[in-house]
Amino acid sequence: MTTTESPIGGEHFDVVIAGGGPVGLTLAAELRLQGVAALVLERGRRGEGEPRTLVLHSRTLETLDRRGLLAEFTRAQESLPGLADFRRQLDDRAARGHFAGLYLLGRHSAEPAEQPHGLALTHQVLKNLLARRAEDLGAVVRYDQEVTGLAQDADGVTVHVRTADGDTTVRADFLVGCDGGRSVVRKDAGIGFPGTDPSLVSRMGRGHVEVHGDGELPAAWQRTDGGWFMRMPDGRIAVTEWEPPADLESPETVDELARGIERVTGQRVTLSDVDFVTRFTDSARQADRYRVDRVLLAGDAAHIHFPAGGQGVNLGLQDAFNLGWKLAAVCRGRAPEGLLDSYHAERHPVAAQVLENTRAQVALMRPGPQVDALRALFTRLMAMDEVNKYLSDVIYGTGIRYAAEPDGHPLTGTFARDLPVTTADGTTRLAELLRPGRPLLLGLEGPDADGALKAAAGWADRVEIVPAAAQAPSAAALLVRPDGYLAWASDGPVAEDALRAALTAWCGPERVAAD
């Protein structure tokens, strides 16, 4: 990858990404897949980070499969025995996950899932995997470099950066803030962040716990009259109470964590060898815009919420997969009008639904006899297939359907399910055909499919056009976006005008052959 000198001095990149967490690194890899020069600026040091555990859900695993990464990520989980064993215990109980601590999701749904199980990885392992992916593709990742401000103009963005050697600037065509809930990029771009204030506080740490007196601390989750207690296989412990302190800015202490455990469990404990301690709340906020001209937001910079159901990292990663190919098309001069605006249009409602369901879960987790009755009712409701499927789709992101034309095919806007196909090169899968990160027009045999492939010839420079055969295909022809969602589908004779309109809307104007 090459960069250029900026007219005002210093380096120039197509895209600068503020924040080198999982979302920023995924976005960098998606941009590099399309040949876009990407720089990631991470204020922390390489290998530095909070020892958190993250669970990747079905839709994220399906997307990783479409980039050829699923096997590597699965092997990484198996190298973490405690987490792998914990996931297997959940699977043995036929439970994929929980809603407000009710571990019932997936138990009653008869519909087979493409990726029926989650994947548990530590935050640092996930970052290492994604950093290696981004750097192998040619992204530049710089640590100990903090974005402190920005200035937009008609031609690009000047990014102000603090480094160990002093302050500097970098020039970019676009800047994406993946710099967390307190995003400097969001604030400097003047983007509002409305939402709700904290109603609870969760304290978390990892270390040795000595219980004084009779009794012991339970494993996994426990709801009590005082709140919630959690103990995980990797040694982490956490307590949640519904009376947040007035001061949430001062650092969390080991003593506060120990006293929280006592209040919630009734057990007096001493903590030792604690290697980290932190706290978080249920503050729920969402950026009112994901884009202002040449500045965009993704991940926690765009939305924060209580980590109920482990949705946060999955929501952010899906932001990156949605934005990456669209921003790359703009940088390469191939984007149709309005493509970049579709990022906000598609992802803002998805995050709004996550904020809604996490607020509902917080309400359902409160102590008290009224909530006890509500939880008993929810337990019975979740035994119903339709309710269970709805909640599973909400938590795992598998129910997303982006807006489509009212008279369009019923599959349009949904995620393209994987299926085995036979092409001129042999047997493969739809997921494997998406690994280059380009739009895919898949003709699934027959004269109807042939008509679609011929109609798309003018987009062959941007679209993978593949004739194939499949058993029980979902449609005669499919136009699949790089993020895996269907832009167009046809069951019978192809309406060429509709196909051309979809290709133009998502892939830009038709290339006219030279005489």
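**Entry 1. Gln145.** I looked up Gln145 and found it in the loop between strand E8 (140–143) and strand E9 (146–153). Helices (H or I, at least four residues) and strands (E, at least two) are DSSP runs, numbered from the N terminus. I noted that this is a predicted model, where local features need pLDDT of at least 70, side-chain atom pairs count only at pLDDT 80 or more, and totals for chains, interfaces and linings use all residues. Residues are numbered from 1 along each chain as its sequence is written, and side-chain values use heavy atoms, with hydrogens and water left out.

Is Gln145 buried or exposed? Its relative accessible area is 18%, so Gln145 is buried. Buried means under 20% relative accessible area, exposed over 50%, partly exposed in between (1.4 Å probe, protein chains only). I then listed its contacts (heavy atoms within 4.5 Å). Leaving aside neighbours within four places in sequence, Gln145 is in contact with Leu41, Glu42, Arg43, Val161, Arg162 and Thr163.

**Entry 2. The core.** Next I looked up the largest nonpolar core, which has 77 residues. A nonpolar core is a set of buried Ala, Val, Leu, Ile, Met, Phe, Trp, Tyr and Cys residues joined through side-chain atoms within 4.5 Å. Val16, Leu31, Leu56, Phe73, Val176 and Leu327 touch the most other members. Helix H8 (residues 311–331) gives the largest share of this core, eight residues. In soluble globular proteins, nonpolar side chains tend to be buried together.

Not counting residues up to four places away in sequence, Leu327 touches Val15, Leu31, Phe174, Val176, Leu296 and Leu340.

Entry 3. I checked the length of helix H7 (residues 254–265). The expected span is 1.5 Å times one less than the number of residues. For the 12 residues of H7 that should be 16 Å, and the end C-alpha atoms are 16 Å apart, which agrees.

Which residues of H7 are buried? They are Leu257, Ala258, Gly260, Ile261 and Val264. Seen down the axis, these buried residues fall within an arc of 160°, so they line one face of H7. The arc is that of the directions from the helix axis to the C-beta atoms. Just after H7, Gly266 takes a positive phi of about 80°.

What do the buried residues of H7 pack against? I found strand E13 (201–212), strand E15 (228–231), strand E16 (236–241) and strand E17 (268–281).

I then traced an open sheet of five strands, in the order E14-E15-E16-E13-E17, with antiparallel pairing. Two strands pair if DSSP finds at least two bridges between them. Strand E14 (220–223) and E17 stand at the edges with a single partner strand each, so one side of each is left without a neighbour in the sheet. On average, neighbouring strands of this sheet are turned by 20° against each other, direction ignored. Axes are lines fitted to C-alpha atoms, for helices over the stretch in contact, and angles run from 0 to 180 degrees between N-to-C directions.

E13 and E17 run antiparallel and are joined by 11 bridges. I found Ser272 in E17 as the bridge partner of His208. H7 packs on the sheet, and its direction makes about 95° with that of E17.

**Entry 4. Asp273.** I stayed in E17 for Asp273. Asp273 has a positive phi of about 55° although it is not a glycine. Most residues other than glycine have a negative phi. Asp273 counts as exposed, at 69% relative accessibility.

Entry 5. In helix H13 (residues 447–455), I found Ala449, Ala452, Leu453 and Ala455 buried. They cover an arc of only 165° around the axis, which puts them on the same side of H13. The face turned away from that side carries the exposed residues Pro447 and Lys454.

I also traced a mixed open sheet of four strands, ordered E25-E24-E26-E27. E25 and E27 stand at the edges. E26 and E27 pair in the antiparallel sense over four bridges. Leu479 stands opposite Trp488 in E27. H13 packs on this sheet, touching E24, E25, E26 and E27. H14 lies across E24, E26 and E27, at about 170° to E27.

**Entry 6. Ala472.** My last stop was Ala472, in the loop between E25 and E26. Ala472 has a positive phi of about 50°. At 74% relative accessibility, Ala472 counts as exposed.
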